[in-house]
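Hello,

Here is the structure I promised to hand over. Please look it through first; my notes follow.

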Amino acid sequence: SLVLTGCQPFVQKPANISQQVEAENQFNLQGKIGVRTPQQSGSAFFTWVQQQQQFDIELSGILGVGKTQITGRPGEVSLNSAKTGLIQAETPEELLKTATGWQAPITHLVNWVQAKPATVQAQIQRDSAKRAVQIIEDGWSVELSYNEQAHMPNRLILKQALENGAENRITMVIQNR
């Protein structure tokens, strides 16, 4: 509801940057994720609800078998499954290390699924529509793919080069946003 009268100038206040970031960091994703490391590989279906700094992720195998619940807010992240029981940590990265033994910049995923870099040091490659198609950041290369003219990616492939030509790879296919 904006009313302009006569020729009075309209001065719009710049929006608070933290409010913009918070509004952007609200999403609900569903899809499939696959993980491949030199030691292990597996896949799961996921539902991810992000509300600013809080998240709730549910992972499950075919027909909901092997359900894992991951919840978090700043300073407190937990993973609960029949296989592992309850595991708690201060950060998603620490939780992943405890649960699987390997490291990944999990916190960056909030930005990457929105086609944004997570740090100012990121190297970004864009397509002709100015969409990010590759983000190189913190030792990871993220390839983003889009459906037709969509602004948000429907597929992300995260790769971390390891010694001897090996790699850690995470593939996310986003089916619903």
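One term to start: buried means under 20% relative accessible area, exposed over 50%, and partly exposed in between (1.4 Å probe, protein chains only). By that scale E76 is partly exposed, at 37%.

The model is predicted, so local features need pLDDT of at least 70 and side-chain atom pairs pLDDT 80 or more, while totals for chains, interfaces and linings use all residues. Residues are numbered from 1 along each chain as its sequence is written, and side-chain values use heavy atoms, without hydrogens and water.

Salt bridges

The whole structure holds 5 salt bridges (a side-chain nitrogen of Lys or Arg within 4 Å of a carboxyl oxygen of Asp or Glu). E76 pairs with R73 in one of them, at 3.0 Å, N to O. R73 is partly exposed too, at 45%. K67 and E58 meet at 3.7 Å, N to O. K67 is partly exposed at 47%, and E58 is partly exposed at 29%. R131 and D127 form another salt bridge, at 2.9 Å, N to O. Here R131 counts as buried because its relative accessibility is 16%, whereas D127 is partly exposed at 23%.

Largest pocket

A pocket is an open set of points on a 1 Å grid over the protein atoms alone, where a 1.4 Å probe fits, with protein on both sides within 12 Å along at least five of seven lines; lining residues have an atom within 4 Å of a point. The lining of the largest pocket has 50 residues. L59, I70, L79, L96 and I106 lie nearest its centre.

Best wishes
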